[in-house]
Amino acid sequence: MHKTTSNPDVAIPIPKDAHIDSTNLYNGIYELTGKSIKKHKSITFNNLIFVTTSEDLGDGIRGYLYVFNTRNKLLIRDTTFKRDYLYSSAGIFIIDSSSQRICSIDKPEWYDEKQEGIIPASIARIKGAYFDEYKTVYKVGEDIPEDSSLVSFFNEAIAGNSKEVLDLPKDWWKIK
């Protein structure tokens, strides 16, 4: 650990390999507030601070969501990919503070098995010091949902009974 960030109450150590600084903070958090969303670069609730950063790849934004636990002074860890952040190739993270679910939406991809373009998304929860992947879903299409469509996408993914937002195998990109 070599740098720190702080809110008024706590200094949080940031690993030196985390690219978090004022130059790459990004408005990629979409807070779910009832039937609408509100965009943030960072948001705090309970003992968690959520911060998004971005990287411009030339063909779009890649987003990273870091979550700091202020009580334990640690970054929440993704054990699946062994990293201290969630990733979104579309730079969109929907956060429902009431359920503490996080939806990372990715850019459209080609789904070989179905022979169609899809918008994949992963839904995770925070359990202790870790992100717990809840499920992976998709919607057929080439356009990333915006505004109220994001709310519908998230709600349909959680409900699990949608005809438009469907479960996606975790290894879908490997299936031929």
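Which residues of the largest nonpolar core touch the most other members? In this predicted model, the core holds 17 residues, and those that touch the most other members are I92, I94, C103, I105 and F153. Two or more residues each are given to this core by strand 3 (29–33), strand 11 (92–96), strand 12 (101–105), strand 14 (116–127) and helix 1 (148–159). The most come from helix 1, which gives 5 residues.

With residues up to four places away in sequence not counted, I94 touches Y30, L32, R101, I102, C103, I105, L150 and F154. There is also a second, separate core, made up of 15 residues, with L48, F50, I95 and A124 among them.

D78 is placed in strand 9 (residues 77–78). This residue counts as buried because its relative accessibility is 7%, under the 20% cut-off. A polar atom of the D78 side chain lies 3.3 Å from the backbone nitrogen of F81. When neighbours within four places in sequence are left aside, the contacts of D78 are R83, Y85, L86 and F131.

The largest pocket contains about 580 Å³ of space. Its lining consists of 24 residues, and F81, R83, D106, S122 and E133 are those nearest the pocket centre. At least two lining residues each are supplied by strand 10 (86–88), strand 12, strand 14 and strand 15 (130–140). Strand 14 provides the largest share, 5 residues. By residue class, the lining comprises 11 nonpolar, 6 polar and 7 charged residues.

Note on methods:
Residues are numbered from 1 along each chain as its sequence is written. This is a predicted model: local features need pLDDT of at least 70, side-chain atom pairs count only at pLDDT 80 or more; totals for chains, interfaces and linings use all residues. Side-chain values use heavy atoms; hydrogens and water are left out. A nonpolar core is a set of buried Ala, Val, Leu, Ile, Met, Phe, Trp, Tyr and Cys residues joined through side-chain atoms within 4.5 Å. Buried means under 20% relative accessible area, exposed over 50%, partly exposed in between (1.4 Å probe, protein chains only). Helices (H or I, at least four residues) and strands (E, at least two) are DSSP runs, numbered from the N terminus. Contact means heavy atoms within 4.5 Å. A polar contact is a pair of N or O atoms within 3.5 Å; within protein, one must be able to donate a hydrogen and the other to accept it, and residues adjacent in sequence count only if both atoms are side-chain atoms. On a 1 Å grid over the protein atoms alone, a cavity is a set of points where a 1.4 Å probe fits but cannot get out, and a pocket is an open set with protein on both sides within 12 Å along at least five of seven lines; lining residues have an atom within 4 Å of a point. Grid points are joined across faces, edges and corners, and a volume is the space filled by probe spheres set on the points. Ala, Val, Leu, Ile, Met, Phe, Trp, Tyr, Cys and Pro count as nonpolar, Asp, Glu, Lys and Arg as charged, and the others, Gly among them, as polar.
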